[in-house]
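Subject: Two-chain model, with notes

Hi,

Here is the structure I said I would pass on.

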Number of protein chains: 2
Amino acid sequence: MKIGVLGTGMVGQAIAGKLVTLGHDVMMGARAADNQKVLGFASRTGGRAGTFVDAARYGEIVFNCLRGDVSIDVLTAVSAELDGKILIDISNPLDFSKGAPPTLSISNTDSLGEVIQRGLPNTRVVKTLNTMIAAIMVDPGLVPGPHAVFVSGNDKPAKGKVMDILRSFGWRDIIDLGDISSARAPEQFLPLWLRLWGALGTGEFNIAVMRRQGSE
Amino acid sequence: MKIGVLGTGMVGQAIAGKLVTLGHDVMMGARAADNQKVLGFASRTGGRAGTFVDAARYGEIVFNCLRGDVSIDVLTAVSAELDGKILIDISNPLDFSKGAPPTLSISNTDSLGEVIQRGLPNTRVVKTLNTMIAAIMVDPGLVPGPHAVFVSGNDKPAKGKVMDILRSFGWRDIIDLGDISSARAPEQFLPLWLRLWGALGTGEFNIAVMRRQGSE
């Protein structure tokens, strides 16, 4: 499948690299086409390099791997290219302007996922994979046990396709939290995730949802 | 040990009942001493019944099992009785006034745990047990696997005593998130917890923190 990946950071590199490995045709998009990170991705993996608009146009499905604080501006700029497509949103509304640990720039009564969906009414936004480090997103086997990934979105067939991609990454416990308003839940999990990182001294963990036997 | 339990709901009943079973001298406090739930607790378990102020005075350690929206008023009213004591805060700042799922009345840049600590500067507030249903709080063996409970608080010896109580309840993975400002993390987990309850169709679950092997 042709897939666009917006963003050249650790998350974008991990997602785009994994998609190439799985046999997809992948274009990574950056602000400028001569961005060194996007050219590095292309030469290293055989994937394609382009601008944000190029990658949004190229992909049948597009991943938002941008930082939360730039996601809305970039997605607004490429919105025409996202019409009718599935946008997989991995971004988090982290605000480091008041120091660490960060607060959330959007939370409680709204979420970045919802803001993105409202801004792209013809795009099927699915929030997922925003609750673990990039290495675990694309290789859940790094962590033992039945740990979980969450999906939120208004369009059930779109969520089904995203779940197929997640399964191809190795995910087994994929929990559908509901419509896009449920993106508030995994985004507000970030403060606990960051505190756990501090307490454990490593980001190499994820949460599992342990059910009582026989309660399902 | 003499322990006071503020609140007569499911959490208060579960905590107070468990403490009696473990051999502690427990007084449950209600708004009025003739509250039927507190009298029921006393007659059913052999524990004691009293008012909020009675229970706060009685306990060497006091549990706050009140709803979030009444916690501050009640704790302010009994604050003199809590001087120098450990207050174990289980409450959550859930706001159902805008319908379900609830939002948080305090979040992101503050927490109910911090508000309570600021209001009781001579009390050692430890936030814990606010991330699962009452039955699991006092019987973690209901859920399989290495699932976790979190503690937040400014006073390390107080957290140590609370961890001892948690171990006596059966908890094994007890994670110290940091000072009382880290209470923001488990409180902001509540939206995910509530969405998981909806997705799973049961509250009989808890999260486990799965670490990569060799990463600790």
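First, the ground rules. This is a predicted model, in which local features need pLDDT of at least 70, side-chain atom pairs count only at pLDDT 80 or more, and totals for chains, interfaces and linings use all residues. Residues are numbered from 1 along each chain as its sequence is written, while chains are lettered from A and ligands numbered from 1 in the order in which they are written.

**The sheets**

Helices and strands here are DSSP runs numbered from the N terminus (H or I with at least four residues for helices, E with at least two for strands). Chain A has an open sheet of 8 strands with mixed pairing, in the order 3-2-1-4-5-8-9-10; two strands pair if DSSP finds at least two bridges between them. At its edges stand strand 3 (48-51) and strand 10 of chain A, each with a single partner strand, so one side of each has no neighbour in the sheet. On average, neighbouring strands of this sheet are turned by 25° against each other, direction ignored. (Axes are lines fitted to C-alpha atoms, for helices over the stretch in contact, and angles run from 0 to 180 degrees between N-to-C directions.) To give one pairing in detail, strand 2 (residues 25-30) and strand 3 of chain A run in the parallel sense over 4 bridges, and Met27(A) stands opposite Arg48(A).

In chain B there is an open sheet of 8 strands with the order 3-2-1-4-5-8-9-10 and mixed pairing. Strand 3 and strand 10 (173-178) of chain B are the edge strands, each pairing on one side only. Within chain B, strand 4 and strand 5 (residues 86-89) pair in the parallel sense over 4 bridges, with Val62(B) opposite Leu87(B).

**Helix 4 and what covers it**

Which residues of helix 4 (residues 68-77) of chain B are buried? They are Gly68(B), Ser71(B), Val74(B) and Leu75(B). For burial, the count is of other C-beta atoms within 10 Å of a residue's own, with C-beta atoms placed from the backbone: 20 or more is buried, 12 or fewer is exposed, and in between is partly exposed. The face turned away from the buried side carries the exposed residues Asp73(B) and Thr76(B).

Two residues are in contact if their C-beta atoms, placed from the backbone, lie within 7 Å. The axes of helix 4 and helix 5 of chain B come within 10 Å and cross at roughly 10°. The two helices are therefore roughly parallel to each other (angles under 35 degrees count as roughly parallel, over 145 as roughly antiparallel, 65 to 115 as roughly perpendicular and the rest as oblique). Gly68(B), Ser71(B), Ile72(B), Leu75(B) and Thr76(B) in helix 4 meet Leu112(B), Val115(B), Ile116(B) and Gly119(B) in helix 5.

In chain A, the buried residues of helix 4 (residues 68-77) are Gly68(A), Ser71(A), Val74(A) and Leu75(A), while Asp73(A) and Thr76(A) are exposed on the other side.

**A buried glycine**

Gly47(B) is in the loop between helix 2 (36-45) and strand 3 (48-51) of chain B. Gly47(B) counts as buried because it has 20 C-beta neighbours inside 10 Å. Leaving out residues up to four places away in sequence, Gly47(B) touches Ala16(B), Val20(B), Val26(B), Met27(B), Met28(B), Phe41(B) and Ala42(B).

**Where the chains meet**

At the interface, 40 residues of chain A are in contact with 40 residues of chain B. On the chain A side, helix 8 gives the largest share, 12 residues. Strand 11 of chain A pairs with strand 11 (residues 205-211) of chain B in the antiparallel sense over 7 bridges, and Asn206(A) has Met210(B) as its bridge partner.

Best wishes
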